[in-house]
Amino acid sequence: MPTVEELYRNYGILADATEQVGQHKDAYQVILDGVKGGTKEKKLAAQFIQKFFKHFPELADSAINAQLDLCEDEDVSIRWQAIKELVPNRKRSMSRLYIVTLLI
C-alpha cells in the first residue's frame, strides 16, 4: 500500500511528464494501489485516478474497478470523494456517466 508521500511523488511524475504521461504506467499503478490504503490515501487516489485516466487506456478496467471500490467504501467521506471525482469527467466518457448514474 502506498503512503500519502508515495502517491504525491507518483502524481508529480505523471504531472511533470506532460506528453509522455502514458510511459509511466508504473506510477499510475501505484496510484491505483492507493485504494487499498487508509482514508487519506483513498481520497488522494480518487482524485489522481481520474486526473490521469485518459492516458492509460490499457489500465481502464483496473482504474474503473478501483474507483468503484472507493464508491462502495464504508467511509461516507471516501464514497463522496470518489463519486465527486467521477462526475466532472462525464463529458469525456458516456460509459462513466452511466456508471455515475447507477451509483447515484
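For these notes I count helices (H or I, at least four residues) and strands (E, at least two) as DSSP runs, numbered from the N terminus. The model is predicted, so I ask for pLDDT of at least 70 for local features and 80 or more for side-chain atom pairs, while totals for chains, interfaces and linings use all residues. I number residues from 1 along each chain as its sequence is written, and my side-chain values use heavy atoms, with hydrogens and water left out.

**Entry: Glu6**

I started with Glu6 and found it in helix α1. I then looked up its contacts, meaning heavy atoms within 4.5 Å. Setting aside neighbours within four places in sequence, I see Glu6 touching Met1 and Val30. Glu6 and Val30 are 24 residues apart along the chain, with 7.9 Å between their C-alpha atoms.

**Entry: the whole chain**

I read six helices and zero strands in the protein chain. Of its 104 residues, 41% count as buried. I also checked contacts between residues at least 6 apart in sequence, and 57% of them join residues at least 24 apart.

**Entry: the core**

My rule for a nonpolar core is a set of buried Ala, Val, Leu, Ile, Met, Phe, Trp, Tyr and Cys residues joined through side-chain atoms within 4.5 Å. The largest one has 27 residues, and Leu14, Tyr28, Leu32, Ile49 and Phe56 have the most contacts inside it. I find at least two core residues from each of α1 (4–16), α2 (25–33), α3 (39–52), α4 (60–71) and α5 (76–86). The biggest giver is α3, with six residues. I looked at Phe56 too: not counting residues up to four places away in sequence, its partners are Leu14, Val21, Gly22, His24, Lys25 and Tyr28.

**Entry: salt bridges**

How many salt bridges are there? I count two, taking a side-chain nitrogen of Lys or Arg within 4 Å of a carboxyl oxygen of Asp or Glu.

- Lys36 pairs with Asp33 at 3.8 Å, N to O. Here Lys36 is exposed at 54% relative accessible area, whereas Asp33 is partly exposed at 26%.
- Lys42 pairs with Asp73, the closest N and O atoms being 2.7 Å apart. This pair links distant parts of the chain, since I find Lys42 in helix α3 and Asp73 in the loop between α4 and α5, 31 residues apart. Both Lys42 and Asp73 are buried.

Notes. Buried < 20%, exposed > 50% of the residue type's maximum accessible area, 1.4 Å probe, protein only.
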